[in-house]
Amino acid sequence: MADENITREYAHAVPLNAISAFGLGPFGARGERRERDLSYEATSQQGLAVAYNTSGLVVRQLVELIWAHGGRMDAEQLRAQTAPADPALLSVEIERAVVARLFEDRGDGSVELGETFSEYLAPFELGLTDTKSLTSDAMGAICRNLGVENPIPTRKAERVAAIIAAFDAPGATEGLEAKVGPVAWKLFHDIVDSAGTGIAHASSVGIHGNIHAVGPSPFSNRISHEGATKALHDLACHGLIGVESWEGQVWIWAEAYRVLGRPIYRDWSMAPRPTPVRIDSGTAAVPEVVTAMTAALEHWDEIAPKVLKNDEPRLAKAAVAALARTTGVSTTTAELLSGVAINHGLLLRNVTGASGRGRNRRVDAVWRPDPQLVEVWKSLSTAQRWALIVSGWSSPVDRSHRSQLQVNRHLVAWELADLEPGLGFDDTATFGQWLGDHYCDLGHCDAVAEVIEELRVLGLVPAQGAFGFTDVARALLADPASAEDAFGGSVDEVIVQPDMTIVVPPDLDAELASRLREISVVDSEGAVTVLRLDETRITKRCQAGTSAEDIVGFLADVSSVELSDGVIHLVRDAADKANRVSILEATSLVVTADPGDLQVAMSLKSAKLTKVADTVAISPLTPARLRQALDRRDLHPKIVTIGEQPAARTASDEAEVLARRAEELRRYVARSPNRHTSAIADRLDQNAAELADVGGRLTVSGPLVLTPDIVEGV
Amino acid sequence: MSSQPTGSLIVQSDMTVLLETASPGADVAREALARFAELEKAPEHVHTYRITPLSLWNAAVAGVDADDVTSLLASHTKYPVADVVYQEIEDLMSRYGRLWLIRDSGDLVLACDDPDLLTEVANDKAVASLLGRRLSDNGFHVRDGDRGVLKQVLLSVGWPVADEAGYEEGAALERCQFLAELRPYQVDALEAWWREGTTLGGSGVVALPCGAGKTVVALAALVQAGTQTLVVCTTVSAIRQWIRETVEKTSLTEDDVGEWSGLRKQIRPVTFVTYHSLTWADRDVDPDADIEVRHPNLAIFGAQDWGLIVYDEVHLLPAPVFRATARIQAVRRLGLTATLVREDHREGDIFSLIGPKRYDAPWNELEGQGWIAPATCTEIRVPMSPECRSEYSAAEPKQRHRIAATSSSKVEVAEQLVARHPDEQILIIGQFVEQLAEIAEHLDVPLLTGRTAQTKRDRLFGELRSGELKVLVVSKVANFSIDLPDVSVAIQVSGQYGSRQEEAQRLGRILRPKVDGGQAHFYTLVSAGSDETGFARKRQRFLAEQGYAYSIVEWENS
């Protein structure tokens, strides 16, 4: 199977493997792109597990049935077991399972589990043949109860064969039904309906209170049973069901399916795929999440959120809520921003303290923006920032941590990318229901709704209405570089109204749009965007160094109508708030007990002191240099260090640490050569080089999600 | 639908519609929009309308259907309209008219031509408690007294009911003629409300700016209905004003009109009562007692044979009146307001109980046509004295607003502003009585507050109207319903935090067109560098949205 390319057909059957093959997550970091080679993804243990776990309701049932039939079903068995299924649906799903390498269609109507699949992923064994929970004595009792004629075989395998023969005997079904009675027979069917070929929990078939009464040995005849307990006991004593009392579990022995007298699975339905509808692509506007990242980085610079105790690479809910409050974005946006910032290293772990020893050792750490990467972020264009955020969204935060959310993101993205351009779906619930049935791993509709909400925040699908990738989103996802002109609007004018709203045309120049968003919030979005000047955001801008007159000037330049007094004063008032309290930057603070001493110190010009109170002055000199100066006037100050916050760590610091460790390993290898250690040192060096390349780390290239084009090599 | 660069509407997916006033087709588009969307704001360049369930149901009441709305949007839009907007319109409009309230052999019946829908609606617990026995697949019996509440509940579950059960005509009003002349927009407002006397009209709200003649519309409605009428007003001063207007603009005499207030208890063919008197509660009565036992005046007025009830300043309608109104749905109802914005978000109750908004006119449009006086609005930022500033800085946040609002520096500014308008009548309005007393004493002018006796109030307002008095200092009692036609300057020295409605109502005091066509001046004094500036910005938002641009000036002593 070597060198077989991923095909669109395979991508449809098992998109997650195709996604992995292209190095697009969720099972590995972007950039670890493998060959477009199907052999590994489709036939490895992990690949087959993914194929099985995402194969959908119908294929799962088929696989389980085949396994229950000993790994192969002939045409007749298949027809009998799948009688309730829609033939068209069944045919499509069988084809899907064959493409996914789960089983093979022999052409004569029979199906057989794939050899590799059987080898790697044998389902839980529920047959009498392989069970260790039944003693030979118990088997003997079952044989007697089934009317196996004496002499009862002595070997366990022979006893199983005798039981199978009893089950296969003509009229066995009716005979057993009569023997165990109607209550037990109904329970038998209930268990099948609940668990199929798997295990049912007692509570799901209403026997939670009875299963423990059956006792550790279901074949004990010393206790008289009644009702459901008797039914359980009788079914177990006739080799129809297995019981695990302690766990409250019950199942049908694989050998007993033949007396069921009906298909094991009666429900073969799947939610239908919703019909695609046309989406309102509109014109590309800069998503809020892009402009909010700068504000978020400023927020984290002021208030560093704590690293979670379990060290998970995400922010606590309170920190996310604080970010949402400060920046005026939704919680979804704030969550995305923090995830992306951590993912790209814009936020770095900074250790602030440690306590305890051994297993009680506790390390306190906070997330702080990496000043180097923040500078690079600020130098990026709007489209590059957008691409970076989307790539952060589609890459796993931690390569060792496969999150369900990440799986959901990629599956939803693939399904939307696979539609014709301009199409989408209009109902999250039905789409979610279909995805849930089609890829069992995906789970609930709520999870899909969460992903759709993220896509709206990211600006990849329209903000409202039917959801499908917009043209610009498709370009970005296939090739981030091609989206450089996504927001390349030709218009450079907006209307700044006296009621503080700004009417932004859809084709406004991206940089202008981005600057406007930094000082306003969205009032309404659609064909045009209506922004509202926001006092808090303007204050933030001013704190970051922009003056009120800069903002007023910018608004006056960009507005096609004259600015009203109200607008101008809003900006000035907001700026005043930012400047009402000043923080003087000083390296040293001089405090004297006696004002006279300060007078003496002030007279020393080389000390460069500025008086701020009778006994307090500040100086730009370092404490050591200031002491030298004051010593000359016989003041002899002592230096007191006030809990100073160390500078935030940077990617370069991280790289240095890795490089040092690599060097240490190399020294060790020089003393005692070891190929493995040498390889680790090489990898550490490589990681250090990648970390140090701050520009490269924030450059996004290559597709961000799986699309039909890349599958087909376009 | 492709883009039309010349279109004047921009339809957003969130159901807001922007109207570019400078575009060539703006006037036609505005006229079309007014039928099914609510004007949210009308600043100078781009007006914002919102299509809401209520506005669509209002349109449906007026006979507009979903196709009309979508084709109007499509023909005026600048950019393609999202399908979701059309779907939402279709869905919402299809809900109106599916359920009716009708009379069948004298019984009130909730009817529907779809038995399944009727069953679905009747399964709602709140609705079920208001329905009587099922008369057929298509109808439930309803008690007359539950008519209003049922409409409220059905609206809240998304099924607005078309009330076609008709009105009781009430006792006839003899020899009543309308003697004044209606302005064109007043004619439109009256027609929109009356709907040729059919059950399609006869209840609802007319929204017009202060000074645009809402009273006149109500009097014309009274004459049109020709029936005994109850008018509910905000204050006794407002009652007197209504009575004066009624006698002046209709053929009714003072003997035909009655005042029910703390001072007089008259019930006549046209009776005026304050909300306060109407809802006066007997404190000796158990609070859980029936509403008419707890509020005995409601019983007295409920027993009269009114054919029309007019609610002045309907946005202030208190809760007991809502409950009482729910019981008197068989009477024609007219609500009047300048700002149909309720701080308690009970606009839906007004829709159900008073009726849909029948008419609304943008302020700046009426100003442009000369029906209300053009006004300049100026915010003056007054520096606080050093002492005041220190006190403000050290005060608890809750105290700060009062300290800034009552800054003594404002007294001098008010004095200088008064001096700038020597030939005009001036109102100085504020929130804090001590501050107002200080200003009145400093300027040696009368002060009118809530504690001022009614006779003195009438005298002071009378002197102001006659021109005898030039300057009057008033508290918030003058926020509403006081007609002072010749006052052309208002100086607001303090206000209730960020209340947009108060700002609009206070401006409204000076908007009556002046005889000489002169300009009105509205000054608002704000302590510079205090939280008053933020509150002022919030207060001004409604007026800014109506097209009033404030100039902001820093006060300098010179």
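B:Glu434 and B:Arg402 form a salt bridge, with their closest N and O atoms 3.2 Å apart. A salt bridge here is a side-chain nitrogen of Lys or Arg within 4 Å of a carboxyl oxygen of Asp or Glu. B:Glu434 sits in helix 20 (residues 433-443) of chain B and B:Arg402 in helix 18 (residues 397-405) of chain B, so the pair ties together parts 32 residues apart in sequence. Helices (H or I, at least four residues) and strands (E, at least two) are DSSP runs, numbered from the N terminus.

This is a predicted model, in which local features need pLDDT of at least 70, side-chain atom pairs count only at pLDDT 80 or more, and totals for chains, interfaces and linings use all residues. Residues are numbered from 1 along each chain as its sequence is written, chains are lettered from A and ligands numbered from 1 in the order in which they are written, and side-chain values use heavy atoms, with hydrogens and water left out.

**Salt bridges**

B:Glu434 counts as exposed because its relative accessibility is 54%. B:Arg402 is partly exposed, at 38%. The cut-offs are under 20% relative accessible area for buried, over 50% for exposed, and partly exposed in between (1.4 Å probe, protein chains only).

Over all chains, the structure holds 52 salt bridges.

| Pair | N to O distance |
|---|---|
| B:Glu434 and B:Arg402 | 3.2 Å |
| B:Lys249 and B:Glu245 | 3.4 Å |
| A:Arg72 and A:Asp108 | 4.0 Å |

The pair A:Arg72 and A:Asp108 links distant parts of the chain, 36 residues apart. A:Arg72 is in strand 1 (residues 72-73) of chain A, and A:Asp108 is in the loop between strand 2 (103-105) and strand 3 (111-113). A:Arg72 is partly exposed, at 36% relative accessibility.

B:Lys249 and B:Glu245 lie 4 residues apart in helix 10 (residues 236-249) of chain B, so about one helical turn separates them. Both B:Lys249 and B:Glu245 are buried.

Salt bridges also form a network that links A:Glu535, A:Asp573, A:Lys577, B:Glu379, B:Arg381 and B:Arg537.

**Chain B as a whole**

Chain B has 23 helices and 23 strands. Its radius of gyration is 25 Å, close to the 24 Å that the globule rule gives for 558 residues, so chain B is as compact as a globular protein of that length. That radius is taken over C-alpha atoms, and the rule is 2.2 Å times the number of residues to the power 0.38. The C-alpha atoms fill a box of roughly 80 × 65 × 50 Å along the principal axes. Of the 558 residues in chain B, 58% are buried.
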